[in-house]
Amino acid sequence: MDAAQQEATARARELQRSWYGEPLGALFRRLIDDLGLNQARLASVLGLSAPMLSQLMSGQRAKIGNPAVVQRVQALQELAGQVADGSVSAAEATDRMDEIKKTAGGSVLNNTAQTASSTGATTVRRVVREIQSLLRSVSAAGDIIDAANTLAPTHPELAEFLRVYGAGRTADAVSHYEAHQS
């Protein structure tokens, strides 16, 4: 690599740091390690070609052009945190990655509105995961439990909601959601 290429790569990594909080090579390697993926599987889940992923990781390309891919990266970061804190099992993480792969991006409200026309358990599970995702993007599971414990004496239903959706397993949250819809 010549000096001009090295300078371009350094500039791309600096841009990545300003846009994504860190160079994408470091971010993607962490996702690969935390979620037990290889580069091909990560590219597939994100909806990128393997060469594009490689270019982003190496700094040959600075920006992810597709906003849906950026949202999938954010969803995988959240999932990696949930796997690390034990709130999501490896098997559940695999299922979640398959769902993340299918997402087209959009806001929580848009996804919920789109899935409202779907049927059955898939819709409930998606709505529950959107609620979990929103809560977990605001605070870590331990902090959510602390908040629930603080609220429990005066607002037990709200405390239960925080525990189930903010720090519980998806299956338990689905049961809670279904029980409170009737």
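Predicted model: local features only at pLDDT ≥ 70, side-chain atom pairs only at ≥ 80, totals over all residues.

Colleague: What does the secondary structure of the protein chain come to?
Modeller: Eleven helices and zero strands.

Colleague: And how much of the chain counts as buried?
Modeller: Of its 182 residues, 36% are buried. The chain exposes about 10000 Å². Carbon and sulfur atoms supply 54% of that area.

Colleague: What share of the contacts comes from residues 24 or more positions apart?
Modeller: 61%, counting contacts with a separation of 6 or more.

Colleague: Now the largest nonpolar core. Which residues touch the most other members?
Modeller: Phe28, Leu42, Leu46 and Leu76, out of 25 residues in that core. Two or more residues come from each of α2 (24–35), α3 (39–46), α4 (50–58), α5 (67–84) and α6 (90–102). The top contributor is α2, with six residues.

Colleague: What is phenylalanine 28 in contact with?
Modeller: Leaving aside neighbours within four places in sequence, Phe28 contacts Leu42, Leu46, Leu53, Leu56, Met57, Ile64 and Val73.

Colleague: Which residues does the second core include?
Modeller: Val127, Leu135, Ala148 and Val164 are among its 13 residues. That core is separate.

Colleague: Switching to charges. How many salt bridges?
Modeller: The count is seven. One joins arginine 17 and glutamate 14, at 3.2 Å from N to O. These two are about one helical turn apart, because they sit three residues apart in helix α1 (residues 3–20). Arginine 17 is partly exposed at 41%, and glutamate 14 is partly exposed at 46%.

Colleague: How far apart are the closest N and O atoms of arginine 30 and glutamate 22?
Modeller: 2.5 Å, in another salt bridge. Arginine 30 is partly exposed at 36% relative accessibility. Glutamate 22 has 17%, so it counts as buried.

Colleague: And what does glutamate 92 form a salt bridge with?
Modeller: Arginine 169, with the closest N and O atoms 3.8 Å apart. Glutamate 92 lies in helix α6 and arginine 169 in the loop between α10 (156–167) and α11 (170–179), so the pair ties together parts 77 residues apart in sequence.

Colleague: Is glutamate 92 buried or exposed?
Modeller: Buried, at 8%. Arginine 169 is partly exposed, at 38%.

Colleague: Last one. Where is arginine 129, and what does it touch?
Modeller: Arginine 129 is in helix α8 (residues 120–138). Not counting residues up to four places away in sequence, it touches Glu92, Arg96, Glu99 and Thr170. Arginine 129 counts as buried because its relative accessibility is 6%.

Conventions
Residues numbered from 1 in each chain as written. Heavy atoms only, no water. Helix = DSSP H or I, 4+ residues; strand = E, 2+ residues; numbered from the N terminus. Buried < 20%, exposed > 50% of the residue type's maximum accessible area, 1.4 Å probe, protein only. Contact = heavy atoms within 4.5 Å. Areas by Shrake-Rupley, 256 points an atom, 1.4 Å probe, with all protein chains shown as cover. Core = buried A, V, L, I, M, F, W, Y, C linked by side-chain atoms within 4.5 Å. Salt bridge = Lys/Arg side-chain N within 4 Å of Asp/Glu carboxyl O.
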